[in-house]
Amino acid sequence: MTRRLTALAVSASSLALLLAAPAMAQSVATAQDAAAVDEIVVTAQRRSENIRDVPFAVTALNTQTLTEISAGGADILSLSGRAPSLQVESSNGRYAPRFYIRGLGNVDFDFTASQPVSVVMDDVVLESVYLKGFPMFDVQQLEVLRGPQGTLFGRNTPAGVVKIDTVKPSDEFTGFGSVTYGNLGSTRAEAAVTMPAADTLQVRGAILWNHRDDWVNNAYNPSFADANDDDLGGFDDIAARLHVAWQPTDRLSTLLTLQARDYEGTGTMNRANALTTGSNELNGNFDRDTVYYDGGRNNFQKQKTTSESLKVAYDFGPATLTGVVASYQGSSSGDGDIDGGVASAPTGTPYKTPFNSETGTLDSDLQQYTYELRLASNGEGRLGWQVGAFYWDERFNLVSGTFNGTGNPAPTRVTDIVQKSDSWSVFGQGSYRLTEALKVTAGVRYTDDSRDYNGRIVLGAGAGGTGAISVGDEKISWDVSALYQVNDDLNLFARVASGYRGPSIQGRNLPVLTTADSETVMSYEAGFKGRLWDGRARVNGAAYVYEVSDMQFTAIGGADNSNRLINADKGEGYGLELDGDVYLGAGFSLAAGASWNHTEIKDSDLLVAICGSACTVTDPIVTVGTTRRANIDGNPFPQAPEYTANLTLNYVRSMGNDTELFASTDWVMQKDFNLFLYESVEFMQDTAFEGGLRAGWRNLASGLEAAAYVRNLTDEENVIGAIDFNNLTAFVNEPRTYGVQLTRRF
């Protein structure tokens, strides 16, 4: 590991020195074209600062980027690949996304599963995947913090943090309204307004309606489908937010935030026999517009969530005391045809499956409470510091059902589980400027975790059976970093950090329970952040290496159709990341990012179940009793692309009288990633990419903008996940969407 770290650091440092060299200062645009890229201010360290002054890798996505990628009804999965080393996927439709950074993530589809990437919205952690799918609207900025973030953001952040900051009230009357209409009956209507009610009181309200008609036909035509009509693929997603800011004195400020979501739509659509033995490409059985389901009741989903938070800050002069208290609550239900086909179909039928599999959520209830108190120094002195305490409490009640797979709404097996979790921690961080050019930062956090699980089988095989278990742990996370300012345009940084994910419980296979011990991460990172060509370009690079001890994995599916937690002895990752943007001149600007990530499981004795039929396993096979298992030592982590890249090209042409034409195209690529823990020809994906295009006209004086867009421009059909216990079933990315958008800002 030391040799790899040295090599990566040398590579990053060499590139940084080249960027700083005078020879590279050749202009990429003529003098009359010169325009500086905007400075980026982030809050990655819980205080506002220039992104160049943050001693670890951070990528910020602005409102324009988020607007472009969400056109056509896209959800939070559209973030995948938009920052180096970021992967987002889901097998639960639009309300339970799974995030991965630098290869670290968790493929577990259960709502009770833990994740090593935390999502933080407006200073409140969204711990459960159940909450992480909250729609993105009226967002000021989204930051992707790569590497362990345990000191300031706590438990379950060994991979990093996705930090979302929405638009807050101001003392000006501002707002916007936007309506998008496109194919598939897609409609996205969004509006927000800030109203200064008084000198000390401001309010901002925002609302979103995101809709798509059903566009996929269930051609099997059981009782819940129409063979001549579209039955699946649609959704209605309504969300609203209210911020109330009150500043009664110069020292005291408060922010009350209320949110709500009401979602109903189609879950992930599994496609039976979409892959062929010996190939990882979609075959002729796949038809994007058609499925054949005898169960799942058209894969319906429903979810309602609400939240309340209050942030209070008091400026004592030398330091500011900030308190944040929040609660989230929600309920959901849904069903799914998991095998993606029809077991009773005649032999040779393209959609025949070996047996039916239909599962669903009969009811779920989530309650989350968080409390945080921070005291942070003010000013720009040589010494900066912050200390704090945090408490998190969650209760999740999940009632799940298994059905006969023929559309009968009566379940054949029902389980009822309650999982209670809580965590408390104390933390501190300090930074000191040793010289005008060199600043060092160090932080530490103590965390105490506990989780209790109780489950029972209410109906079906094993009725009356129960399972109960408790896990807990306490850990110390820490980080040390240095930031060196070479000149006004180039900073170098290095960081050593430890991360921690608490112990986990998996109870889907009641009465059998599995647990995973806490995993810890030790990460080493070095890089540069620079400006070029008189501020017309910005480029950031990082090299990293990390080692995970007792790495948590979820072994899903296989011939025994199980879902169990396991700990690998170790996991290893290393790679390079680069991102930046440049003004090219003549109205053109370019933003791009790329990453290379190598991940590897290190456990010579770790065995997992393999596919139920028809797949070509390339791992060594070990027979345990009467079952065949794969030895996964040396395999990459699941859903961890080795290469990612993104590119956005923008063009703006002034037409005079405060009007302009604009156009942009954006592309994202993921290459070489495995869908499961074991390797097989069918489930190892090669290259997946998507592009988008948006063009239009705007009047800067009136705030009016009209545009046309296309998402998934080339209509790519990318496999993003699979089901392996039954047959070669896969699910794919969003279809091509196109339409028009009208926006008015004031």
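**Surface patches, salt bridges and local features**

At a relative accessibility of 34%, D214 counts as partly exposed, the class between buried (under 20% relative accessible area) and exposed (over 50%), with a 1.4 Å probe and protein chains only. The model is predicted, so that local features need pLDDT of at least 70 and side-chain atom pairs count only at pLDDT 80 or more, while totals for chains, interfaces and linings use all residues. Residues are numbered from 1 along each chain as its sequence is written, and side-chain values use heavy atoms, with hydrogens and water left out.

D214 is located in the loop that joins β12 (201-212) to β13 (217-218); helices (H or I, at least four residues) and strands (E, at least two) are DSSP runs numbered from the N terminus. D214 also belongs to a negative surface patch, together with D213, D229, D230, D236, D262, E264, D287, D289 and E717. Patch members have over 30% relative accessible area and no salt bridge, with like charges joined within 9 Å and nonpolar side chains (Val, Leu, Ile, Met, Phe, Trp, Tyr) within 5 Å. Asp and Glu count as negative, their charge being placed at CG of Asp or CD of Glu.

A nonpolar surface patch consists of L242, L256, L258, L310, V312, V325, Y371, Y391, W424 and V426, which together have about 740 Å² of accessible area (Shrake-Rupley method, 1.4 Å probe). Two or more residues of the nonpolar patch come from each of β15 (252-266), β17 (300-315) and β21 (413-433). Y371, one of the patch residues, is part of strand β19 (residues 358-377) and is partly exposed at 38% relative accessibility.

The model contains 33 salt bridges, each defined by a side-chain nitrogen of Lys or Arg within 4 Å of a carboxyl oxygen of Asp or Glu. Among them is the pair K168 and D122, with the closest N and O atoms 2.8 Å apart. K168 is partly exposed, at 30% relative accessible area, whereas D122 is buried, at 13%.

D473 and K475 form another salt bridge, with an N to O distance of 4.0 Å. Both partners are partly exposed: D473 has a relative accessibility of 24%, and K475 has 26%.

In a further salt bridge, E519 pairs with R501 at 3.0 Å, N to O. E519 is in strand β27 (residues 519-532) and R501 in strand β24 (residues 490-501), so the pair ties together parts that are 18 residues apart in sequence. Both E519 and R501 are buried.

Helix α2 spans residues 63-70, and its residues L66, E68, I69 and S70 are buried. At the start of α2, a side-chain oxygen of N62 comes within 3.3 Å of the backbone nitrogen of Q64. Just after α2, G72 adopts a positive phi of about 85°.

Strand β29 (residues 562-585) includes L565, which is buried at 8% relative accessibility. The C-alpha atoms of L565 and A555 are 6.3 Å apart in space, and the two residues are 10 residues apart in sequence.

Notes
Polar contact = N/O pair within 3.5 Å; in protein donor to acceptor, adjacent residues only side chain to side chain.
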